[in-house]
Amino acid sequence: MNIAHCELHWNVESFQITKYILYVGLLFFLEIKMASRGKTETSKLKQNLEEQLDRLMQQLQDLEECREELDTDEYEETKKETLEQLSEFNDSLKKIMSGNMTLVDELSGMQLAIQAAISQAFKTPEVIRLFAKKQPGQLRTRLAEMDRDLMVGKLERGLYTQQKVEILTALRKLGEKLTADDEAFLSANAGAILSQFEKVSTDLGSGDKVLALASFEVEKTKK
């Protein structure tokens, strides 16, 4: 791929490094599980996973920022490969969470956020990050900033609508109460992919369905 003018944090080597890090993380968790050392190790594991997710979200953000410098095939190929990395991350996360209710409580938000990214129900890396880290306060702050940007003409209406729908969906998934106006906005503007994500994401084990949804979205964009 000819993307010399673009600071895109993706290549084959980084893909292999990601898989290795996830494998090491899984072994680390198994060691923790056997040792039963408690909260400190769980916190370390969560931090490691958040760092890996941050790197993948940075890849997606870089890709979108560099979109104009890439031809269609380069863009689609790179995005597909990044989503494949997210899929592998999701598979490792499910193995790590298996049978451990403490980790299910800690990491369920991260898994939902990854599913949202894989299915392309969410397209805004920063919203995905905040969703994964269970940061409803920061999501609401971002929404307030978007409201101001829209009013002064710094944010285009279509992008505002897309990101607001993502934020409101994330808040609802995190158990936050929405106002009647926000619920009405969400109902009026949630597209088919986001509505399907809502259904799929009620089952944290439905990775195959999420991947099928992602494949459908990729094929739709090619038509």
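Here is a friendly conversation about a predicted model and the terms used to describe it.

Student: What should I know about the model before we start?

Tutor: It is a predicted model, in which local features need pLDDT of at least 70 and side-chain atom pairs count only at pLDDT 80 or more, while totals for chains, interfaces and linings use all residues. Residues are numbered from 1 along each chain as its sequence is written, and side-chain values use heavy atoms, with hydrogens and water left out.

Student: What makes up the secondary structure of the chain?

Tutor: The chain has 10 helices and 0 strands, and from the N terminus its elements read α-α-α-α-α-α-α-α-α-α. Helices here are DSSP runs of H or I with at least four residues, strands are runs of E with at least two, and both are numbered from the N terminus.

Student: What does UniProt place at residues 39–73, and how much of that span is helix?

Tutor: The unreviewed UniProt entry places a "coiled-coil region" there. UniProt positions are given in the numbering used here, feature names are shortened, and annotations may be inferred rather than shown by experiment. In the model, the span is 83% helix and 0% strand, and its end C-alpha atoms lie 45 Å apart.

Student: Why is phenylalanine 122 called buried?

Tutor: Buried means under 20% relative accessible area, exposed means over 50%, and partly exposed is in between, with a 1.4 Å probe and protein chains only. Phenylalanine 122 has a relative accessible area of 2%, so it counts as buried. Across the chain, 46% of the 223 residues count as buried.

Student: Which residues touch the most other members of the largest nonpolar core?

Tutor: They are Leu86, Met110 and Phe122, in a core of 44 residues. Helix α4 (101–118) is among the elements that give two or more residues to this core, and α4 gives the most, with 9 residues. A nonpolar core is a set of buried Ala, Val, Leu, Ile, Met, Phe, Trp, Tyr and Cys residues joined through side-chain atoms within 4.5 Å. In soluble globular proteins, nonpolar side chains tend to be buried together.

Student: Which residues does leucine 86 touch?

Tutor: Leaving out residues up to four places away in sequence, leucine 86 touches Leu53, Leu56, Met57, Leu60, Ile114, Ala117 and Ile118. Contact means heavy atoms within 4.5 Å. In the chain, residues 24 or more positions apart account for 69% of the contacts with a separation of 6 or more.

Student: Why is the pair of phenylalanine 122 and phenylalanine 131 called tilted?

Tutor: Rings of Phe, Tyr and Trp (its six-membered ring) pair if their centres lie within 6.5 Å; planes under 30 degrees apart count as stacked, over 60 as edge-to-face and the rest as tilted. The count by this rule is 1 aromatic pair. Phenylalanine 122 and phenylalanine 131 are 5.6 Å apart, centre to centre, with 35° between the planes, so the pair is tilted. Phenylalanine 131 is buried too, at 0% relative accessibility.

Student: How do you know that the buried residues of α8 line one face of the helix?

Tutor: The buried residues of α8 are Asp182, Phe185 and Leu186. Seen down the axis of α8, they fall within an arc of 95°, so they line one face. That arc is taken from the directions from the helix axis to the C-beta atoms. On the other side of α8, Ala180, Asp181, Ser187 and Ala188 are exposed.

Student: What covers the buried residues of α8?

Tutor: The cover includes α7. Threonine 161 lies in helix α7 and touches Phe185 and Asn189, not counting residues up to four places away in sequence. Aspartate 182 of α8 is in contact with Lys164 and Leu168, again leaving aside neighbours within four places. Aspartate 182 and leucine 168 are 14 residues apart in sequence and 7.2 Å apart in space, C-alpha to C-alpha.

Student: How do you know whether aspartate 182 is buried or exposed?

Tutor: Its relative accessible area is 13%, so aspartate 182 falls on the buried side of the cut-off.
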